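Dear colleague,

I am passing on a structure for you to look through, and I have written some notes to read beside it. Please open it first and keep it in view as you read.

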Amino acid sequence: MKPVQTSASIGSETRSAGMALMGGLATRVMWGLGLPLLGLSAFLLVWSLAASHINTSLGKFPGPVAVAQQVQNMYQEYERAQQKKAAFYQRQEARNAARVASDPSYKPRVVPYTGQPTFVSQIGTSLFTVLSGFLLASLIAIPIGIAIGLSAGLYAAFNPLIQLFRPVSPLAWLPLVTIVVSAVYVSSDPMFSKSYLVSMITVMLCALWPTIINTAVGVASISRDLQNVSRVLRLGWWTHVRKIVLPASLPMMFTGLRLSLSIAWMVLIAAEMLAQNPGLGKFVWDEFQNGSSQSLSRIMVAVIVIGLIGYMLDQVMLLLQRLISWDKKAVLR
């Protein structure tokens, strides 16, 4: 006979369920917000204490407060630069309008603004360069990784080249790329600047290898059951790659892509510093050469922004993997 629940027992169960729900919510808040804030607070405290004891030739090492003030100053510089740019185009537009009014046959031309790049514009330049270099590297690396993962013979042929070029530093690639681009890319009306091509190709050369290796390993480790299914269904080569190989190797492929993107970002900053190409690396080097009392604070702002952008790029790749992955229950970090 089914026991009869009283109002007291129902109330007790409801309270227990409510307490369990509140406990779960508190645990999630602690892990998602409390612990990260605790770690960040500890870092800021250690940074502040260490900075107050470091004296350099340019003054005290900047702490969190000095860096926060510099962020405000740099944003104000950006706003002033934007106002100058807008005023430049307004003057140009007014001048062209006056010329057209006096001479209807006059064809107005717009001269691009060539003011000093700001910190924000350098961020945009670096992001465009790293994404284009990473995209080009991915377009080359993924097909190569699939091909050598499917064929043991191709893997044996390519593996020495991969092991030979994979450890090469961007510092070694940069002079070669600079000389080759200067010799080959000669045009009276170039579509891209040589500095952009040098940075982008250097990034591409260094970002290839993690994607190639991880894609090849992912393809080569496809389970025999899936391969047997493909044989039984007599799938063609392209259908086999599209229906079996790509979905099964996707986790390893994305691991390689995330590694490639993080390497591409690090390589780009180094290449911009060494080659003095536009971007965040050049900003850091210029501030180092400037040697003013605010240089250290401005460099620290750039360092933090470089780290934040690297983290955001990785999170974007992780989000993309979650959207594309067929296994929605897989734990991705």
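Predicted model: local features only at pLDDT ≥ 70, side-chain atom pairs only at ≥ 80, totals over all residues.

Residues are numbered from 1 along each chain as its sequence is written, and side-chain values use heavy atoms, with hydrogens and water left out.

Helices (H or I, at least four residues) and strands (E, at least two) are DSSP runs that are numbered from the N terminus. Helix H6 covers residues 194-220, and its 27 residues should span 39 Å at 1.5 Å a residue, which agrees with the 39 Å between its end C-alpha atoms; the expected span is 1.5 Å times one less than the number of residues.

Helix H4, residues 152-165, can be read in a similar way: its 14 residues should span 20 Å, and its end C-alpha atoms are 20 Å apart, which agrees. H4 has a kink of about 35 degrees at Phe158, shortly before the proline Pro160.

**The cores**

Because 21 of the 27 residues of H6 are buried, this helix is largely enclosed by the rest of the structure. Here buried means under 20% relative accessible area, exposed means over 50%, and partly exposed lies in between (1.4 Å probe, protein chains only). A nonpolar core is a set of buried Ala, Val, Leu, Ile, Met, Phe, Trp, Tyr and Cys residues joined through side-chain atoms within 4.5 Å.

The largest nonpolar core has 52 residues, of which Phe119, Leu208, Ile212, Trp265, Leu280 and Ile309 touch the most other members. Among the elements that give two or more residues to this core are helix H1 (7-51), helix H2 (64-102), helix H3 (119-150), H6 and helix H8 (237-275), and the largest share, 13 residues, comes from H6. If we leave aside neighbours within four places in sequence, Ile309 is in contact (heavy atoms within 4.5 Å) with Ile123, Leu127, Trp265 and Leu280. Another core, of 6 residues, lies apart from the largest one and includes Ile146, Ile222, Val241 and Val245.

**The largest pocket**

How much space lies in the largest pocket? The value is about 410 Å³, where a volume is the space filled by probe spheres set on grid points that are joined across faces, edges and corners. On a 1 Å grid over the protein atoms alone, a pocket is an open set of points where a 1.4 Å probe fits, with protein on both sides within 12 Å along at least five of seven lines, and lining residues have an atom within 4 Å of a point.

The largest pocket is lined by 18 residues, and the closest to its centre are Glu77, Gln116, Pro117, Thr118 and Phe119. H2, H3 and H9 each supply at least two residues of this lining, and the largest share, 5 residues, comes from H2. Thr118 is in the loop between H2 and H3 and counts as buried, at 12% relative accessibility. Not counting residues up to four places away in sequence, Thr118 touches Glu77, Tyr78 and Ala81.

Arg234, in the loop between H7 and H8, has a phi near 55 degrees, which is a positive value in a residue other than glycine, and at 75% relative accessibility Arg234 counts as exposed. Gln276, in the loop between H8 and H9, also has a positive phi, near 60 degrees, but Gln276 is partly exposed, with a relative accessible area of 32%.

Ile201 lies in helix H6 and is partly exposed, with a relative accessible area of 25%. Ile201 touches Val177 and Val181, not counting residues up to four places away in sequence, whereas Ile201 and Gly59 are 142 residues apart in sequence and 39 Å apart in space, C-alpha to C-alpha.

With best wishes

Definitions and conventions: Bend = angle between axes of the 7 residues up to and from the residue.
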